[in-house]
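The entries follow the order in which I consulted them.

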Amino acid sequence: MKVLIVGGSKAVYFLCRTFLAKGHYVTVINRDPGECVRMARRLKVTVIQGDGSDPTILEEAGAHGADAVLAVTPNDQDNLAICQLASMLFDVPRAVAMVHDPDNERVFQKLGVAAFSTTRTIASMIEQRTALDEITNLIPVGEGKVNITEIRLQPDSPVVGKTLRELSLPGDSLIAVVMRGGEAIVPRGDTGLRAGDQIVLITLPANHGPVLKAITGETI
Amino acid sequence: MASDLFIVIVGCGRLGSHLANQLSRAGHGAVVIDLAEKAFANLSAEYSGFSVEGDATELAVLQQAKVGKADIVIATTRDDNVNLMVAQVARAEFHVPRVLARVFEPRRKPIYRRLGIETVCPTSVAAELFLESIAAPLTLENRP
């Protein structure tokens, strides 16, 4: 596959390296002469110095035969122009723009340009991580063959209000201790679970995910 | 031109501020957007419109400038790609009936046309005027 990347910085350097490792041909367009020289020295890529939203530069970089164009400059407006030129003038089958303003992801799509927002991706990853804050992996036992995990039960957990007997946890799992109001309870079948309880859970790695899902209601 | 239009001007440089001043004087409602607050010093004392400091390629800034209510959007920044993007967003996202963009690079003009954006290219306009002057016979009045 012939990939044309417009932009700079370390992200582009490592993108190039990834594409090259997979056997693709890569051409880079960058405005900065110094960065062009560095990139050409360190990677087996064709480097064109210039403005990627200039049709003549795109042509020089071989946009006509490119299978994909990636516009990852720091400016949303440049990435839009690059992708529109690539698909309108050079019939590149796949042009993808990076956007910084997450709103532009939707706007670009409306304008017929595939776009992804790193800001949104990172933000949602961080949100997911904090949502899982109630889960702490305590200790792996037996070289990771057993997991001991501590979970704080949220009010919306599907297990709140049920007794252990009523739970249908997958096999090879055990709620070993329930911490409630500073007291440790070794639960029995008739012990009910409440929101705010800290439970210590023992699982085998194979069903760790399904058990966590059964307890928190979230997909991990 | 009716005198109660609402016009958003992007870029408050020499051209943008000149347009804003004139349109405001003619009785139209105006908003100018510029990245730099100091650009608004170009607006005359009689300018009665609003100014919004911000990047017009950020959707929230266009919303703040009430582009959704605009009858006309004119993109006059120094950056062709900003003008191209703002013009397209104004049309596709905010359904502005009339959108104009300044474009410096004459080679880009055909693309703008294909995207359905009205453009004014200062380079071509100036070149035409020069050529006209050159073609005009020397008369007593226009002799240097």
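**Entry 1: the model.** I noted at the outset that this is a predicted model.

**Entry 2: the sheet.** I looked up the strand order in chain A and found an open sheet of six strands, arranged β3-β2-β1-β4-β5-β6. The pairing is parallel. I then asked why one side of β3 and of β6 of chain A is left without a neighbour in the sheet. Strands β3 (46-49) and β6 (114-117) of chain A stand at the edges and have a single partner strand each, so one side of each lacks a neighbour there. From one strand to the next, I recorded an average twist of 20°.

**Entry 3: one pair of strands.** I examined β2 of chain A, residues 25-30, and found four bridges joining this strand to β3(A), with the two running parallel. Within this part of the sheet, A:Ile29 stands opposite A:Ile48, which belongs to β3(A).

**Entry 4: helices on the sheet.** Helix α2 of chain A, residues 33-42, packs on the sheet and touches β2 and β3 of chain A. I noted an angle of about 175° between the direction of this helix and that of β3(A). Helix α4 of chain A (76-89) lies across β1 (2-6), β4 (68-71) and β5 (94-99) of chain A. Its direction runs at about 175° to β5(A).

**Entry 5: domains.** I found chain A divided into domain 1, covering 2-125, and domain 2, covering 142-216. The C-alpha centres of these two domains of chain A lie 48 Å apart.

**Entry 6: contact with chain B.** I looked up the contact between the chains: 15 residues of chain A meet 16 residues of chain B. Which elements give two or more residues to the side of chain A that touches chain B? They are α4 and α5 (103-110) of chain A. Helix α4(A) gives the most, with seven residues. By class, this side of chain A has seven nonpolar, three polar and five charged residues.

**Entry 7: nonpolar cores.** The largest nonpolar core has 65 residues, and A:Ile5, A:Val69, B:Val8 and B:Val73 touch the most other members. Helix α3 of chain B (80-92) gives the most to this core, with seven residues. Leaving aside residues up to four places away in sequence, I listed partners of A:Ile5, among them A:Val12, A:Leu15, A:Val26 and A:Leu70. A second, separate core of 11 residues includes A:Leu153, A:Val159, A:Leu193 and A:Leu212.

Terms used:
Residues numbered from 1 in each chain as written. Chains lettered and ligands numbered in written order. Predicted model: local features only at pLDDT ≥ 70, side-chain atom pairs only at ≥ 80, totals over all residues. Pairing = 2+ DSSP bridges. Axes fitted to C-alpha atoms, helices over the stretch in contact; angles between N-to-C directions. Contact = placed C-beta atoms within 7 Å. Domains from an automatic or database assignment. Nonpolar A, V, L, I, M, F, W, Y, C, P; charged D, E, K, R; others polar. Core = buried A, V, L, I, M, F, W, Y, C linked by C-beta atoms within 7 Å. Buried ≥ 20, exposed ≤ 12 C-beta atoms within 10 Å, placed from the backbone.
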